Amino acid sequence: MGSLFRSEEMALCQLFLQSEAAYACVSELGELGLVQFRDLNPDVNAFQRKFVNEVRRCDEMERKLRYLEKEIKKDGIPMLDTGESPEAPQPREMIDLEATFEKLENELREVNQNAEALKRNFLELTELKHILRKTQVFFDEQEGGVNQTTESMTRALITDEARTAGASMGPVQLGFVAGVILRERLPAFERMLWRACRGNVFLRQAMIETPLEDPTNGDQVHKSVFIIFFQGDQLKTRVKKICEGFRATLYPCPEAPADRREMAMGVMTRIEDLNTVLGQTQDHRHRVLVAAAKNLKNWFVKVRKIKAIYHTLNLFNLDVTQKCLIAECWVPLLDIETIQLALRRGTERSGSSVPPILNRMQTFENPPTYNRTNKFTKAFQALIDAYGVASYREMNPAPYTIITFPFLFAVMFGDLGHGAIMALFGLWMIRKEKGLAAQKTDNEIWNIFFGGRYIIFLMGVFSMYTGLIYNDIFSKSLNIFGSHWHLSYNKSTVMENKFLQLSPNGDYEGAPYPFGMDPIWQVAGANKIIFHNAYKMKISIIFGVIHMIFGVVMSWHNHTYFRNRISLLYEFIPQLVFLLLLFFYMVLLMFIKWIKFAATNKKPYSEVCAPSILITFIDMVLFNKPKPPPKDCETYMFIGQHFIQVLFVLVAVGCIPVMLLAKPLLIMQARKQANEEVQPIAGATSDAEAGGVSNGGSHGGVGGHEEEEELSEIFIHQSIHTIEYVLGSVSHTASYLRLWALSLAHAQLAEVLWTMVLSIGLKQEGPVGGIVLTCVFAFWAILTVGILVLMEGLSAFLHTLRLHWVEFQSKFYKGQGYAFQPFSFDAIIENGAAAAEE
């Protein structure tokens, strides 16, 4: 149980491995995931390390696998994922894997190149088919239309002088070119032709209705067929250059109709043949990819494991004989035997006869922090680590957070209905966690919800409990035990009077309600909020003070564990006394007031005589005597109250200089004595006592060793901590009033939604009322889930997180450590898969 409340004890070990057994031993340690290796070659360039060639080979294999993966995803082929993790292959198997990946890549690239060439030919033939079809429509007009069209184009394309000269030279011959261009480039292409050729060309164009596939990237593009008539070689050259500039493709188009028909028949025949070849090529590509998809996940795992092993081996040192690898690593003390067994298995697998050696080392370095977690405690530990990783062997707040976090959340979110929605959502994720975990998604919000499924479930369950205490379910109450109030209100009074008030002096029978709140408070319109405010405000202060006291008590465990006598005597005790004598005394006054003062009591303990706790506390701190009470009322709640209050304030104020000066003065005295003598005297303070929290001492063979702080820095730090604690005690106590504020806001929002939305549908009658109620209920349900469960739940979650990080953990938790990051195949593969998806 010690590891639950503190991080694991760690040891720095030195590992000696034979060169032939190093790979297998590191592989076994990677499967175990309990060893964090240190880099023994920090000054060596990454490209100059021993196993850099093997790492490069693994990078090349990963590149080929990513290429295969991209092609598989492009075809929409599902990849087989059994969820099993194959073992790391032996070094000799790398050659077989490289050959397999090389063969697959070359075959796939060859198939893709052939398919691209065939698709390019298919595109050209398809475009030529459309050109022959569209131009045939142009040339095959009605009888006589050809001559008329030719004469009109001739008149449009030649000047008067040319016409006069042409009359003597015979008929004018027009040339033409035909081609295909992207549809979006056609307007600019037409303008450029007109300007460059000065209007001496004639352009006809027609759209291709079906989109064509680009063989380069597989995108669908829209194109148009065009034909350009011109006169002379000069215009012909200019037109071709413009077509080349706009990346238009020109195709030969015969002038004679018979030649065009013959060419069209040949094109159709070639297209059919190409379709057959393309289908066979695509089938072959599909078969290759399907075969690769069955093993791709396992291949990725194997390559990443090989790469991780060689990357880890690059952290090792070679001895002078070049036959032994030396490593340094952090390991948990409890797992040393397990690690030794794994090393033995690796040695047996490699066939080496020399056993590995694992030696513990003495060091002054701070060990990493390792908190064992499971799927239940992992999310709560993540909340703590988000604030800061615990120092080595420091008290871990996570076990206590499992209870206090959902409870404080529930105080703000207390509603039986809303809590049930949250609990059912969390329970659904817990029941389906295996299937949901297998469905990896890039949705970050969903990943956060799924990672915190146990937190959500506990928050919902605790909210149901506090909802029962508040007797609040969707802003209404449950009438389980009846009511302990006797009222003479009739139905019309209850339905019409908005200012109903419960008078405890006449209507209350005096017996406590069995569980939670009396449901009659739901109809008390006048003093309902006053009653709830007083109740929730006081319990917020009570929970807050108890929570802070518990945090201070946690610091006692840190001081005693690290044998920090000065901090224990002159920090912990004054802090606890200060908190108890002022704020816990205020809590006791609340309980005394609840017990002694009631509306049914006769004076001097009646409700009229009940003093204000806040005014009493202010008078206590300022040494003011309370104001005279009403007639026949007692001035104080108990005998000797004034003397006790003055004594408490004096002792609490006296604790401040102790917290401020005692520790720095004692450290200064201890250093002075140490300087006067050759060796420190037997009773002098140790480094752990002088420097605060030591990281280990005699635990686990690891000692803390830090340079001595300057005395001025010690005084400054102690002053800051003292001022922060004294002023923080006041502000932190007030900060817990957020429990009351958010609880009140949540209840009021729920009541507003009920009154202004759902009650409208409930008041409707008849068949129309059923339709209206259905629509109104749907709207109310959406607002309830969206605002009250999601938004209010997020707000309460963040406020609860702040109460734990600032008000609770600041009393004992430093969070100045660094996390234990073992060499683990599972973590490497998970991170590699996440990086690949991104």
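User: How many residues apart are Glu116 and Arg120 in helix α4?

Analyst: Four residues apart, so about one helical turn separates Glu116 from Arg120; helix α4 covers residues 93-139. Keep in mind that this is a predicted model.

User: What do the side chains of Glu116 and Arg120 meet in?

Analyst: A salt bridge, with 2.9 Å from N to O.

User: And Glu116 itself, what does it count as by accessibility?

Analyst: Glu116 counts as partly exposed, at 27% relative accessibility. Arg120 is partly exposed too, with a relative accessible area of 34%.

User: How many salt bridges does the count come to?

Analyst: The count is 30 salt bridges.

User: Which residue does Lys73 form a salt bridge with?

Analyst: Glu69 is the partner, and the closest N and O atoms of the pair are 3.7 Å apart. Both belong to helix α3, residues 52-74, and because they are four residues apart there, about one helical turn lies between them.

User: Is Glu69 buried or exposed?

Analyst: Buried, since the relative accessible area of Glu69 is 14%, and the cut-off for buried is under 20%.

User: OK, what about Glu433, which residue is its salt bridge with?

Analyst: With Lys375, where the closest N and O atoms are 2.6 Å apart. This pair links distant parts of the chain, 58 residues apart: Glu433 is in helix α15 (residues 433-438), while Lys375 is in the loop between β11 (357-361) and α12 (378-387).

User: Glu433 first: buried or exposed?

Analyst: Glu433 is buried, with a relative accessible area of 11%. Lys375 counts as exposed, at 51% relative accessibility.

User: Which residues are linked in a network of salt bridges?

Analyst: Asp59, Glu62, Arg304 and Lys307.

User: Changing topic. What is phi of Arg393 near?

Analyst: Near 65°, a positive value in a residue other than glycine.

User: Why point that out?

Analyst: Because most residues other than glycine have a negative phi.

User: Where does Arg393 lie?

Analyst: In the loop between α12 and α13, the latter being residues 398-413. Arg393 is buried there, with a relative accessible area of 8%.

User: And what is phi of Phe623 near?

Analyst: Near 60°, which is again positive in a residue that is not glycine. Phe623 is found in the loop between α21 (613-621) and α22 (641-676).

User: What does Phe623 count as by relative accessibility?

Analyst: Phe623 counts as partly exposed, at 41%.

How values were computed
Residues are numbered from 1 along each chain as its sequence is written. This is a predicted model: local features need pLDDT of at least 70, side-chain atom pairs count only at pLDDT 80 or more; totals for chains, interfaces and linings use all residues. Side-chain values use heavy atoms; hydrogens and water are left out. A salt bridge is a side-chain nitrogen of Lys or Arg within 4 Å of a carboxyl oxygen of Asp or Glu. Helices (H or I, at least four residues) and strands (E, at least two) are DSSP runs, numbered from the N terminus. Buried means under 20% relative accessible area, exposed over 50%, partly exposed in between (1.4 Å probe, protein chains only).
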